[in-house]
Amino acid sequence: TSAALALLGGSVAALVVWKWLGKKMVQKKMEEARRTRDEGMKKVAKAVQQFREQVPSVQRDAILSLPLLELTAKLQEGSLSPRTVLYTYLEKALEVTQQTNCVRHFIPECEEQLQEIERHKEKGLLYGVPVSIKDHIGHKGQLATCGLVQFLGTVMKEDSVLVKVLKRQGAIPFAMTNVPQSLFSYSCSNPIFGQTLNPLGPQRSPGGSSGGEGALIAGGGSVLGMGSDMGGSIRLPCSFCGLCGLKPTAGRLRWVLPCPPGNALLPCALGPMARDVDSLALCMKALLCQEMFQLDPTVPPIPFNEQVYSSSAPLRVGYYDTDGYFPLPPCMRRAVKETRRALQAAGHQLVPFSPPRVPYVMTELFLKTCFADGGRTWLDVFTGGIVDPGLKSQVNSCKIPRLVKKLLALLVKPLQFLLLLKLKDVAMISTCRSVKEMWNHHHQIQEYRAQFIAQWKELQLDVVLCPVLGPAFTTGYPGKLLTAISSTMLYNVLDFPAGVVPVSTVTEADEEELKLYKGCCDDPWDRTLKQAVSGAGGMPVAVQCVALPWQEELCLRFMKELETLSRDQ
């Protein structure tokens, strides 16, 4: 007996030591990654300083204030050099990341790309434009971490298709931006590189998961960025940071594998983020070229339709200011109402539209797709148990044994209606327990898409105007309100192109009305949302624009219309 106890004690001690060593190795990897990042920042700062000494007469503020279309015109005609523009943006990006922690790494190879485009006589549509890219969009020689320790040793052996096409069009990828751990969050924090802040308000989140992009562009450190979107990850940072962003139909651009691997029913769509809609259109025009279609034969060879984008024909616009699932703050609904009136005054036809069964879509389609296996695939990515505070509640929910989840489901059955309206966490999500159930789940998504399109067609709509989550949450709140993203998530399930445009800012009247906000039931989630957005006076307020699949140009044309109307007002 004593021998058995000694063996057991030795095994437990060995296990404790093994876990301790594992955690020490993880910590060492994280410290090394941060050190490499910091050394890279110092090298960039030194290079910028040398450039400033060589060319002291650069009109920095004049360059940074140029909209992308004016910047490209000056680069094409030669009145600005790509080198001057690159080093101007590198300098500004250094300043912005010191304030917000938005850049994960600068890309040293940007100097090689600069020399490459200087050698060629042919100038692409994005000739000399510095472009920032989200952490997991592969660039040769760089990491694609998704904020996860397990990817710290994996350096990309070649450029992703998107980066290859950007370079072929003369763009210079110069920075990779920070993301939330695993990308499954609309916050922007991970245990390796830390928390990214909103440049418009340091107590505010920039949104996520393309939050580093949002912060860098909003702070003026990038003129064009590439993000990705699987539940609102382009549109939410744009809403929080006052930017324009487009989530295309997922197949319109070369897509990348999400981190962790996701379900093909919710593909990860790549899209542009910028300060104005014309920049998004130019980026899409540059990317939808023969190079893209040849490098990836799965991308439909549909070039950008300039005629649709530049059309001025009146539109038939469906609209709604609530989806019947998660009531948004008063300022976001006000933005839709004011935009609707402006569109009517401009001669467009406005038609009330009600998206069908959004609570069902959120719980049964979106979350069940993400957690079809009970979250086991997602849990596997958290090496060494290192979990960002903003994800702890979701991770702990996924760890609850299936039997306990079933008992919880029985206990809360009397509150089923409330849960359908405001499902708090992934503990209550039913999983797909068999292949047959998964097939049925696929069928339900296809069925819902068909129903939605039929309703759209019956009303003969061109586009839809609707709200987006905002204004920017106080840091730490996105992790408490996972299901508040119903406004954006809907169009990932449908795989419709959707974009965000800032049209207003939070007023004193909005703040007063927020004090009376009860949400759906004045329950803890409604009160949490109220806390998350209170005190956001002066922060951007945006709306969302939607079109049918493959109609990105029409979506952008509608976004441009709203941008023009809001500027006129």
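Colleague: How many salt bridges does the structure hold?

Modeller: This is a predicted model. A pair counts when a side-chain nitrogen of Lys or Arg lies within 4 Å of a carboxyl oxygen of Asp or Glu. The number of salt bridges in the structure is 29.

Colleague: Is Arg 334 buried or exposed?

Modeller: Arg 334 forms a salt bridge with Glu 338, with 3.1 Å between the closest N and O atoms. Both residues lie in helix α12, 4 residues apart, about one turn of the helix. Glu 338 is partly exposed at a relative accessible area of 29%. Buried means under 20%, and Arg 334 has 17%, so Arg 334 is buried.

Colleague: At roughly what angle do the axes of α18 and α19 cross?

Modeller: Ile 445, Tyr 448, Arg 449 and Phe 452 in α18 meet Leu 490, Tyr 491, Asn 492 and Val 493 in α19. By class, this contact has 6 nonpolar, 1 polar and 1 charged residues. The axes come within 10 Å. Angles of 65 to 115 degrees count as roughly perpendicular, and the crossing angle of α18 and α19 is roughly 105°.

Key:
Residues numbered from 1 in each chain as written. Predicted model: local features only at pLDDT ≥ 70, side-chain atom pairs only at ≥ 80, totals over all residues. Heavy atoms only, no water. Axes fitted to C-alpha atoms, helices over the stretch in contact; angles between N-to-C directions. Helix = DSSP H or I, 4+ residues; strand = E, 2+ residues; numbered from the N terminus. Contact = heavy atoms within 4.5 Å. Nonpolar A, V, L, I, M, F, W, Y, C, P; charged D, E, K, R; others polar. Buried < 20%, exposed > 50% of the residue type's maximum accessible area, 1.4 Å probe, protein only.
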